[in-house]
Amino acid sequence: MFVAVVPPESVIEDLDEFLSVRRDAATFRWSTADQLHLTLAFAEHVPDRSLDDAIERLETAAGRRTPFEMSVTGGGAFPNVAEGKVLYAGVETDAGEELDRVAAGAKNALVKAGVEVDGGRFRPHLTVARTGSPTELSNWVRLLDAYRGPAWTVSSFDLVHSRLGEGPRKRPVYETVATFPFGDGPLS
């Protein structure tokens, strides 16, 4: 399972359209539109006994947050551009540290519910492709640096169940378990 900000369909369509004419130039494993999201916290396993508590704590954490504007812009690669295995689109917000607080709140909610959370420092991004082996990605990052998608108001996050290998071509299938609205705004 993971907690994520899922951009609205119009934002995903804009990024998908930008990438669609370029995908044939590389044999990467490209993310499909329904897989694009910004992961706030990732847990490989959520015990059944912890799920209800995790949902309650995520609801509380979201209730403490304030909606903010964000846009998808720029790009990068993990672990680095010279030996990239993941190509990603970046995000930008004028809300200062709010996105970091949202991620920390989601992670803390899971931990307090007894869920082991994976990953290191929060680095906001949307994975657009995986390379399979270390690949020089500087041209792709430059291309993404020229992209700026439409802004939207982030006013909630989702708890998502990932069923690995159950989709077409062994891709994961994502199922939203719950959506948690922020305290000062409607769902968008």
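**Ground rules.** I number residues from 1 along each chain as its sequence is written, and I use heavy atoms for side-chain values, leaving out hydrogens and water. In this predicted model, local features need pLDDT of at least 70 and side-chain atom pairs count only at pLDDT 80 or more, while totals for chains, interfaces and linings use all residues.

**Entry 1: the annotated histidines.** I looked up "active site" in UniProt; the unreviewed entry lists His-37 and His-125. Such annotations may be inferred rather than shown by experiment. The two are spread over 89 residues of sequence, yet the largest C-alpha distance is 8.0 Å.

**Entry 2: His-37.** I find His-37 in the loop between strand E2 (29–30) and strand E3 (38–42). Strands are DSSP runs of at least two residues, helices of at least four, numbered from the N terminus. His-37 is buried at 13% relative accessible area (buried is under 20%, exposed over 50%, partly exposed in between; 1.4 Å probe, protein chains only). Beyond its neighbours within four places in sequence, its contacts include Phe-2, Pro-7, His-125 and Tyr-174 (heavy atoms within 4.5 Å). A polar atom of the His-37 side chain lies 2.7 Å from the backbone oxygen of Gln-35.

**Entry 3: His-125.** I place His-125 in the loop between helix H3 (98–112) and strand E6 (126–135). His-125 is buried, at 19% relative accessibility. Leaving out residues up to four places away, it touches His-37, Phe-78 and Tyr-88, among others. Its side chain reaches the backbone oxygen of Arg-123 at 2.6 Å.

**Entry 4: rings.** I searched the whole structure and got nine aromatic pairs. Rings of Phe, Tyr and Trp (its six-membered ring) pair if their centres lie within 6.5 Å; planes under 30 degrees apart are stacked, over 60 edge-to-face, the rest tilted. Phe-157 and Phe-180 are tilted, at 5.7 Å centre to centre and 50 degrees between the planes. Phe-157 is in strand E8 (residues 156–163) and Phe-180 in strand E9 (residues 173–181), so the pair ties together parts 23 residues apart in sequence. Phe-157 is buried at 1%, and Phe-180 is buried at 4%. Ring pairs link Phe-68, Phe-157, Phe-180 and Phe-182 into a cluster.

Definitions and conventions. Polar contact = N/O pair within 3.5 Å; in protein donor to acceptor, adjacent residues only side chain to side chain.
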